[in-house]
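Please keep the sequence and the model in view while reading.

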Amino acid sequence: MIIATGYLQVQLFTAEQALPIKGGTIRVFKSEENEVVFEDYFMSDEEGKTAWIALYAPSKEMSLDEANRERPYETYNVIVRLDGYDSEERIGVQIFADENAELPIAMIPNNIEYDVYRIPNTRNVNMIEDHHLLTNYGGNNSGADHLAIAQGEVVPAVLNTVIIPSKITVHLGRPSAPAENVTVDFRYYLKNVASSEIYPTWPYEALKANIWAQCSLALNRVYTEWYRSRGYDFDITNNTAFDQAFVKNRNLYESVSNIVDEVFNEFIRKEGYLEPFYAEYCDGKIAQCPGMKQWGTLELANRGYDALRILKYYYGNDILIDSSDNIQDIRLSYPGTPLRFGDSGEDVRTMQEFLNAIAVNYPLITPIYPVNGVFNAETEAAVRVFQQQFNLHADGIIGKQTWYQISYIYVAVRKLAELKSLGRRESFLSGEYPGIVLRQGSRGVEVQQAQFYLASISLFYQQIPTVTIDSRFGAQMERAVLAFQRAFGLIPDGQIGRDTWNKLFEIYSTLEETQPGIIFPQYPGTPLQLGSSGLAVGQIQGALNIISQQYNNIPVLIEDSIFGAATQEAVMQFQHTFNLVPDGIVGETTWDAIFQTAAKLVLGDQPSVGIPTFPGTVLRLGSVGKDVELLQNRLNTISIYYKSIPGVIADGIFGNATRDAVIAFQQLVSITADGIVGEQTWNLIQKVYYELTT
């Protein structure tokens with residue numbers, strides 16, 4: 001009589017409908033000698049199950065001893081036969097002492113009749129490798145081959161939300177190697193992985209900690225679309241150099257299955273981050289890695305650690321266990337249609353977030369602020385630069401190729417699929433303090449966000465110098481931080497800790513409540529003038545149209561991004577109004593003045609304008625220059641309201657038409673009508689002009 005130290009139950013079901021199969025005959029052999037263990041055979045019942053079969057296994061203590069190098073389990077072969085189905089054979093079923101092992105087998109129909117005592121020719125044979133802890137077959141997910149992936153073997157993307165897949169497709173080999181794909185229920189996948197990676201005899205807390213890590217690693221692969229996004233037709237591999245062990249058709253263990261059923265929708269996440277944590281681990285005996293040590297979890301559980309404390313021991317105190325009830329089929333993140341100028345929504349917001357993170361490492365890309373889900377000119381420009389950077393067709397449209405390339409670079413720069421992930425922040429753009437002190441030398445999306453707040457605030461607090469949003473905390477930003485701290489009664493240390501961050505967000509929010517997105521775009525670097533075209537011209541036209549609602553001397557423009565005569569006239573009118581050189585050219589001074597004025601107007605403030613001072617010389621018939629041109633523009637505006645004053649061509653030449661207009665104005669205001677513009681006439685023209693236009 002065999003001493004019963006372990007138990008096996010075989011369950012048969014149909015391959016497609018997963019319905020139980022009654023009447024199958026099951027025989028059990030010793031694995032190495034192929035010796036029949038039982039003279040009789042077992043039959044499956046209405047549920048497709050056999051009774052529990054008692055089998056010999058080595059002492060349980062062997063599986064609890066890290067120093068043990070012998071098999072802590074016994075292996076058996078199982079053969080299943082039934083008329084109308086292929087014969088199924090499982091070689092190397094692993095039985096542990098005091099553990100219930102479950103062996104599910106999908107039967108494939110055919111029309112061959114079987115003799116129970118004869119092995120037919122149509123056989124499906126599966127070899128079950130020795131346990132991963134015993135052999136470390138294929139390597140470990142310790143990152144040894146991680147660099148090869150990051151350099152282009154796969155291209156990851158990022159889903160917007162964490163999903164628990166109803167099914168997952170596993171590639172039975174290295175990512176690029178030809179191998180079979182199997183699609184299985186996600187819970188079955190976790191049970192298989194846990195049964196392959198750890199011994200089922202371990203304490204509950206050790207098993208639970210490992211299963212949480214295994215679930216998190218798999219969900220990280222799904223969340224980042226680590227394989228699907230380049231066209232691979234699977235979600236994860238069973239090669240432990242890349243992922244984690246999965247053995248086709250292996251037996252499972254009841255102790256493991258019960259925990260998986262309890263926690264299959266739970267995963268590790270770092271505080272403040274969205275993505276399932278890339279829970280790197282290894283056995284800690286055959287292979288070493290910076291993550292969790294599987295044998296170490298056994299030791300910690302024996303010392304009284306619970307599962308979460310075990311994980312924090314290896315991954316840090318800033319992790320937590322999260323859960324999701326979002327159980328669905330896996331879908332690719334690409335929305336299916338290209339995103340382009342004028343589109344809006346969550347997909348656009350995601351791409352803006354990703355591009356801003358990428359800009360930290362690729363400074364030619366100008367960060368997009370505000371991140372508002374609107375595919376505006378700034379977004380289009382950032383997309384074009386990204387496409388140029390990565391040799392894509394630079395059309396400013398986010399098609400499938402651009403989407404996945406942006407996602408790949410985002411995953412790479414944020415290290416989402418690595419143990420030392422920088423994380424996708426849960427509170428991105430929420431104003432919540434990021435948890436790190438920003439100081440000179442810092443760089444990243446946190447610096448970028450603080451620069452956005454400072455740049456917005458500086459529009460309304462002149463004592464705070466403006467900053468460039470470039471993701472880098474340099475001397476310019478330190479000066480702005482110091483000025484901000486002095487202005488709002490904070491300790492002026494030039495650093496952004498919790499108090500300074502919170503005050504920044506508080507002041508910014510006060511402005512944001514009045515008008516979302518108050519930041520204006522940066523000067524393009526070269527002057528805009530007649531004949532210019534492109535994004536920056538369109539931005540200027542939009543800002544001038546805002547200003548024209550208050551200053552009716554500035555014509556309303558068609559925002560066609562072409563710097564034509566109408567745009568030139570509008571620029572000159574703005575320059576006249578705000579005491580700038582009226583040359584019709586948008587240099588940096590005019591650029592900043594236009595956007596500052598537009599920002600103040602949308603916030604309900606009245607921009608201050610300076611009356612141009614008398615040029616110092618009398619203007620008369622024959623005079624030429626910018627002062628004459630400014631005078632002509634003022635008279636033209638006044639002529640709109642006073643029909644007695646004729647309009648003139650603003651050509652900078654003081655001719656007879658200009659003299660006649662001056663005389664008409666002098667007569668209107670009852671001063672000497674000599675057609676000469678001295679200081680009195682100059683000042684009166686400016687005064688009437690501003691009274692009419694402000």
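In what order do the 4 strands of the open sheet follow one another? The order is E4-E1-E7-E13, with mixed pairing; two strands count as paired if DSSP finds at least two bridges between them. E4 (53-55) and E13 are the edge strands, each pairing on one side only. Strand E1 (residues 6-14) runs antiparallel to E4 and is joined to E4 by 3 bridges. Strands of a sheet pair through backbone hydrogen bonds, either parallel or antiparallel.

This is a predicted model, in which local features need pLDDT of at least 70 and side-chain atom pairs count only at pLDDT 80 or more, while totals for chains, interfaces and linings use all residues. Residues are numbered from 1 along each chain as its sequence is written, and side-chain values use heavy atoms, with hydrogens and water left out.

The chain has 19 helices and 18 strands; these are DSSP runs numbered from the N terminus, helices (H or I) of at least four residues and strands (E) of at least two. Of its 694 residues, 55% count as buried, meaning under 20% relative accessible area with a 1.4 Å probe and protein chains only.

Leu8 stands opposite Ile53 in E4. Apart from neighbours within four places in sequence, Leu8 is in contact (heavy atoms within 4.5 Å) with residues including Ile53, Val78, Ile95 and Leu103. Leu8 is also among the residues with the most contacts inside the largest nonpolar core, which has 82 residues. Such a core is a set of buried Ala, Val, Leu, Ile, Met, Phe, Trp, Tyr and Cys residues joined through side-chain atoms within 4.5 Å. Helix H4 (residues 204-223) gives the largest share of this core, 12 residues. Another core, of 26 residues, lies apart from it and includes Tyr334 and Phe354.

Helix H5 (residues 254-263) has Val256, Ser257, Ile259, Val260 and Val263 buried. These residues lie on the same side of H5 because they cover an arc of only 165 degrees around the axis, taken from the directions from the helix axis to the C-beta atoms. Their cover includes strand E7 (100-107), helix H3 (186-197), H4, strand E13 (252-253) and strand E14 (266-270).

Gly494 lies in the loop between helix H12 (475-487) and helix H13 (498-514). Gly494 counts as buried because its relative accessibility is 1%. Leaving out residues up to four places away in sequence, Gly494 touches Phe473, Glu478, Val481, Leu482 and Gln485.

Technical notes
Buried < 20%, exposed > 50% of the residue type's maximum accessible area, 1.4 Å probe, protein only.
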